[in-house]
Amino acid sequence: MLNTQTLLLAHHGTAGALLAEALALDIATPGLTRIVHLLVVPDFWDGMQGDDWLNNASTRDAFGDYVEGMLEADVRKQLRALEGRCAERGFACKPVMRQGDPAACLLETAVQEKASLVVIGPPRPKGTLGYRSRMDLEKLARGLHVPLLIAARAAS
């Protein structure tokens, strides 16, 4: 039997993340499980300045503020939504937001939060729209000291 006392759920609102959420909520125990919701803003956003088409510093700064504002609004929306779904099912939920390499952030958070289990979604299928902030599974397998569950995609 899996120890689900502190379940670290990597979730950023994609279809795969929703599969991971469903799995996590199915295996968690209401009143016992604490879900740590990790949302990582991938480091590829760091260089998003629009330098290739913006022609002065103030315009670049305004664009940077706009991008940061959009990312922050999306992050807050994702964190609140999952927190609400956890509360409905009787789970304590702690939101954690990080920026950087997804695998490194997950490994660091697993240690900091004393996770007993990590749940992530499956890789996005080829041809699916959206950013490809891939999780480095080899890095996770080598670095995690707790079980890792990857949600299965529904058969097509």
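Two strands count as paired if DSSP finds at least two bridges between them. Strands (E, at least two residues) and helices (H or I, at least four) are DSSP runs, numbered from the N terminus.

Keep in mind that this is a predicted model: local features need pLDDT of at least 70, side-chain atom pairs count only at pLDDT 80 or more, and totals for chains, interfaces and linings use all residues. Residues are numbered from 1 along each chain as its sequence is written, and side-chain values use heavy atoms, with hydrogens and water left out.

Let's start with the sheet. Five strands form an open sheet in the order S3-S2-S1-S4-S5, and the pairing is parallel. Strands S3 and S5 sit at the edges, each pairing on one side only. S1 and S4 run parallel and are joined by three bridges, with Leu9 standing opposite Val119 in S4.

Here are some of the strands:

| Strand | Residues |
|---|---|
| S1 | 6–10 |
| S4 | 117–120 |
| S3 | 92–100 |
| S5 | 148–150 |

Now for the helices. Helix H3 (residues 102–112) lies across S1, S2, S3 and S4. Thr109 is part of helix H3, and Thr109 counts as buried because its relative accessibility is 0% (buried means under 20% relative accessible area, with a 1.4 Å probe and protein chains only). The side chain of Thr109 reaches the backbone oxygen of Cys105 at 2.8 Å. Beyond its neighbours within four places in sequence, Thr109 is in contact (heavy atoms within 4.5 Å) with Leu8, Val36, Leu38, Val96 and Arg98.

Over in helix H1, the buried residues are Gly16, Ala17, Ala20, Glu21, Ala24 and Leu25.

How values were computed
Axes fitted to C-alpha atoms, helices over the stretch in contact; angles between N-to-C directions. Buried < 20%, exposed > 50% of the residue type's maximum accessible area, 1.4 Å probe, protein only. Polar contact = N/O pair within 3.5 Å; in protein donor to acceptor, adjacent residues only side chain to side chain.
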